Amino acid sequence: MHVRRLVSACRDRVRHWGAMWRLARVAGTRRVVAAVSLNVVLGLLPLVFVVCVAALLGRIPEIGHVSAGQRWGAVVWPLGVSVAVFVLQQLLEPFRHAIAESLGRVVDSRCAGDLMSTVLTRTPLRSLERQDTLDLLVDSRSAFEGQAFTPGDAVGGVVSLVYRYVNLAGAVVLVGVVLGPGLAVVAGVTALVIRFGQRGSLDRFAAMWGGLAGLRRRVRYVRDVASAPGVAKEVRVLGLLDWVLRRHAVETDAILRPLWRARRELLLRPFVWLAVVCLVGGTAVLLGLAWSIAGGNLSIFQMTVALQGVLVPLRFGVYFPESDTKTQYGMRSLASMRELQRAEAEPVGDAGATVLPGGSTIRFEDVVFRYAPEGPVVLDHLDLEIEEGRSTAVVGLNGAGKTTLVKLLTRLHDPESGRVTVGGTDLRDIDPRAWQRRCAVIFQDYVRYELSAGANVRMGAPGVTEPALVGPALARAIDKAGLGEIVDALPHGAETVLSRQYDDGHELSGGQWQRVGLARALYAVEHGAGVLVLDEPTAQFDARAEARFYDEFLGLTKGLTTVVISHRFAAVRRADRIVVLENGKVAESGTHDELVAAGGRYAELFRLQAQRFHDVLAGDPVEVI
């Protein structure tokens, strides 16, 4: 049992080393070779210094028996070489740390790009909504936010270990030459056993630390809330400071207690046994050295070399600050990233065909969807047609499946069964990125970028950079969205940063941000988007403002394929077609007048909302059924 466990541990160690060296190649072969060569040289220089000093001390007894000129000749070369080696070591040492940092930065740049690409484009959304995935994401992000070691730190650390192991190997050779191979083997094995045991303890502790990801995420959330400027006003008004402090103390205590217990069990107890191993092995080697000295078998030169050589292995069992924690926790960060990337195996990432169909009529054909295999059905055998060139409003109460429909339409998710087609082609047979470029969507929780007003609008088609294409399209989108006067009133026009957290920045109201979102969608249309989707972006508007917003949107997008999502029925009454979604199915479909005349679910809910908001449209009173 113990042998199998040891073999398994050795195999894991080799695999981790291999993974780190493969990661190091990201920095380029030349840079890696240079770093390894420098560490080899620096690992050998202390041994050369030991030999030279020993040679100098070994010639001391001879000095009194030779002439002054011979005395100088006896000490000049070992002393000169010792000084040269010492100076060279001091000159090269800063470069060892610098090149390790250089390697780390190159690797981290690649890994950070991979992480952003994985989270933002490749990992399916349903994976990003799971607890285990969120824990992995927190661990991955923490490294690049300076709260943990990064994969680049691990690469720098493993290169620095070359210095340590070259130094150990050289010292064992010196011991073997002077005291014999037996004592050299004892010194080397003792050092490696202690080293292996120490790293094994650190491995187990790091694994335990990884299991606390959920608790660490809770602590992080409390800290983020407690230090977020936007929360300060509510904390002050409601007097929440004491609650926040108590909560932070509780969450911190919940993670510190298992850490303290693990330190005692995984680090302290093994340390005691490893200290015993070091004492036994070190005593054996030192006794062998003492026996050789007592027997007069060693010269001063040999005794000095052996004594210094023995001390190197005995000091090898400590943690190396430039390597151990960096390699251990840096590789855990990389492992978290790799786990995130494995989620790409789900079918959402399928490339599909790159050629889009000519028509843009969209059909949901017997679509079933749920967010988890055991979860409730959100869309239940849904059949729906979104006609090309017309406006379709999808209305329904909260939880009816409206936002889920948008996610399937934009292929953020794939149906569990059934299919979504465009121009008769299954969306799963189309490159998702190509299709998503054809869609312009304003989500309910759309992103408010802390960038200039113009940059916020240009996010609708960020790949377009030619000034001749950007300028006119940007102006038209701003004008159509009714954003022109708002932009003109900003301190620096379209170049004004939309955030008070920057000098000369300016914050917009909720309604003004809606205009920015609409302009972003219209800018996407200017550059080829053919399907526009509004997913309840006006939830914070009153009924009158929402109705006016949708009227303007439907007027501006006449002739385009548009989908409007809303839970306020009166706001979308001018859409070409209204679909009532209920319990994941189409309950009713038709124009506003047809649905009102039918006296069904739409008419009932419309009447209830109209009674509450009888003045939705100024000068155009809403009829009450």
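A crossing of two helices is left-handed if the near helix is turned anticlockwise from the far one by less than a right angle, and right-handed if clockwise. Keep that in mind for the first stop. This is a predicted model, where local features need pLDDT of at least 70, side-chain atom pairs count only at pLDDT 80 or more, and totals for chains, interfaces and linings use all residues. Numbering starts from 1 along each chain as its sequence is written, and side-chain values use heavy atoms, with hydrogens and water left out.

**Stop 1: two helices.** Select residues 213-227 (helix α9) and 241-294 (helix α11). Helices here are DSSP runs of H or I with at least four residues, strands are runs of E with at least two, and both are numbered from the N terminus. The two axes come within 9 Å and cross at roughly 155 degrees (lines fitted to C-alpha atoms over the stretch in contact, with angles from 0 to 180 degrees between N-to-C directions). That makes α9 roughly antiparallel to α11, a label for angles over 145 degrees. Look along the pair and you'll find that α9 passes α11 in a left-handed crossing.

**Stop 2: salt bridges.** The whole structure has 18 of them, each a side-chain nitrogen of Lys or Arg within 4 Å of a carboxyl oxygen of Asp or Glu. Start with D324 and R195, at 2.5 Å from N to O. D324 sits in helix α13 and R195 in helix α8, so the bridge ties together parts 129 residues apart in sequence. Are these two buried or exposed? D324 is buried at 1% relative accessibility, and R195 is buried at 3% (buried is under 20%, exposed over 50%, partly exposed in between, with a 1.4 Å probe and protein chains only).

Next, pick K480 and E526, with N to O at 3.6 Å. K480 belongs to helix α17 and E526 to helix α19, so this pair links parts 46 residues apart in sequence. K480 is partly exposed at 38%, and so is E526 at 26%. Also worth a click: R218, R247 and E251, which are linked in a salt-bridge network.

**Stop 3: a loop residue.** Select E536, in the loop between β7 (531-535) and α20 (543-556). E536 is buried, with 8% relative accessible area.

**Stop 4: helix α4.** Finish on F86, which is found in helix α4 and is partly exposed at 44% relative accessibility.

Methods. Parallel < 35°, antiparallel > 145°, perpendicular 65-115°, else oblique.
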